[in-house]
Amino acid sequence: MKAAVFMEPGKMEVHEVDKPKIEKPSDALIKIVRACVCGSDLWWYRGISKREANSLVGHEAIGVVEEVGADVSDIKAGDFVVVPFTHGCGHCAACLAGFDGDCLNQEAGGNGGYQGEYLRYTNANWGLVKIPGKPADYSDEQLNSLLTLADVMATGYHAAASAEVKEGDTVVVMGDGAVGLCGVISAKLRGAKRIIAMSRHEDRQKLAREFGATDIIPERGDEAVKGVMELTGSGADAVLECVGTEQSVDTAVKVGRPGAVVGRVGVPQKAEMNTNNLFWRNIGLRGGIASVTTDDKNILLDAVLSGKINPGKVFTKRFDLDHIQDAYEAMDKRTAIKSLLVISEG
């Protein structure tokens, strides 16, 4: 089969590799229909974080189940599914508490290979999310929105849930990438009255407003903090941190009112953080790896199927697998908010 392979920073290729097989009774083999490039993929693509050369990549997809292991009873061959990156088992303490992103029974190295024609998926019985019908039943736009449920929409929602966004809240969203934009959707979905998007890019500002942002602040750092305070008077009730840089986290803490909660889902790029800033203003800090299967099953899949949300609009360029280098370059150079990969028709 064909799959995307990381060669070295700045260089992606498509190789012929062995098609995966069922290895454990809890596995499923998925034929990938659509996949995509994630903002977190850019950290190793740019050489900021380490990744082994010649490794398979990708952690977001939708597809059709081709085969299941002997212990898989809730999913069967032919099912159309969201393929979450979290691989939750559904029965450990983390999954039962609603934190399947921290599943205690995840297999090491389970993410990689989603940007390919087939994928072996572990913990398939609970981790996969069934979509009614088959790919042909859905429009192109709907397929794109279903794809976001594998990570980016669920991650944006996890930021809002971690920040405890509730009806009538004023919310600040740090980050105008696909996760931040899905954070805007999520804040609105949870009833926020005012949503302030921090964005410097016109195309992203436009989409943020379409998704529910009421205000845009293009500045960063102290100027951004000043802008939020001028708009709100006292700061936001909740802050969604969807970037992960030191500056973004620092700003997120400063724009919240006393007693606010910061929902942090941006992959951390620095180990140290001054938590004293949280203490002096009673700011809460929560968040981490998204609860993809949990939130998809509880709210997000129905929200997409009913047309209540349309997060697939974050895909602004599309590619086939043979043009994987172009897909990464579009994300890296910000000519695409998020790159879609059309792998098959299902």
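**View A. Contacts of Thr 170.** Thr 170 touches Arg 194, Ile 196, Thr 232, Ala 236, Asp 237 and Ala 238, leaving aside residues up to four places away in sequence. The model shown here and in every other view is predicted. Thr 170 belongs to strand β9. Is Thr 170 buried or exposed? Its relative accessibility is 17%, so Thr 170 counts as buried. The cut-off for buried is under 20%.

**View B. An open sheet of six strands.** Strand β9 is part of this sheet, whose order is β11-β10-β9-β12-β13-β14. The pairing is parallel. Which strands form the edges? They are β11 (215-217) and β14, and each of them pairs on one side only. From one strand to the next, the twist averages 20°.

**View C. The pairing of β13 with β14.** Strand β13 covers residues 256-264. Three bridges link β13 to β14, and the two run parallel. Look for Gly 263: opposite this residue stands Arg 286 of β14.

**View D. A helix across the sheet.** Helix α9 spans residues 246-255. It lies across three strands: β9 (170-174), β12 (236-241) and β13. Relative to β13, helix α9 runs at about 145°.

**View E. Ser 291 in its loop.** Ser 291 sits in the loop between β14 (284-286) and α11 (292-305). Ser 291 counts as buried because its relative accessibility is 2%. Which residues does Ser 291 touch, not counting those up to four places away in sequence? They are Gly 98, Phe 99, Asp 100, Gly 101 and His 158. Now compare Ser 291 with Ala 208. In sequence, 83 residues separate the two. In space, they are 23 Å apart, C-alpha to C-alpha.

**View F. Helix α5 packed on helix α6.** Two packed helices are described by the angle between their axes and the distance between the axes. Here α5 (residues 152-162) and α6 (residues 178-189) pack at an angle of about 55°. Their axes are 7 Å apart. The angle makes α5 oblique to α6. The crossing of α5 past α6 is right-handed.

**View G. Residues between α5 and α6.** On the α5 side, the residues in contact are Val 152, Met 153, Thr 155, Gly 156, Tyr 157 and Ala 160. They meet Ala 178, Val 179, Cys 182, Gly 183, Ile 185, Ser 186, Ala 187 and Leu 189 of α6. What kinds of residue make up this contact? Ten are nonpolar, four are polar and none is charged.

**View H. The β1-β2 hairpin.** Strands β1 (residues 2-8) and β2 (residues 11-16) run antiparallel, joined by six bridges. Lys 2 stands opposite Glu 16 of β2. Two residues lie between the strands of this hairpin. Gly 10, in the turn, has a positive phi of about 85°.

View I. Phe 6 has Ser 55 in β4 as its bridge partner.

**View J. Strand β7, covered on both faces.** Strand β7 covers residues 118-121. Tyr 118 and Arg 120 point to one side, and Leu 119 and Tyr 121 to the other. All four are buried. Strand β7 pairs with β3 (residues 28-36) in the antiparallel sense, over four bridges. Which residue of β7 is the bridge partner of Ile 30? That partner is Leu 119.

Definitions and conventions
Residues numbered from 1 in each chain as written. Predicted model: local features only at pLDDT ≥ 70, side-chain atom pairs only at ≥ 80, totals over all residues. Heavy atoms only, no water. Buried < 20%, exposed > 50% of the residue type's maximum accessible area, 1.4 Å probe, protein only. Pairing = 2+ DSSP bridges. Contact = heavy atoms within 4.5 Å. Axes fitted to C-alpha atoms, helices over the stretch in contact; angles between N-to-C directions. Parallel < 35°, antiparallel > 145°, perpendicular 65-115°, else oblique. Left-handed = near helix turned anticlockwise from the far one by under 90°. Nonpolar A, V, L, I, M, F, W, Y, C, P; charged D, E, K, R; others polar.
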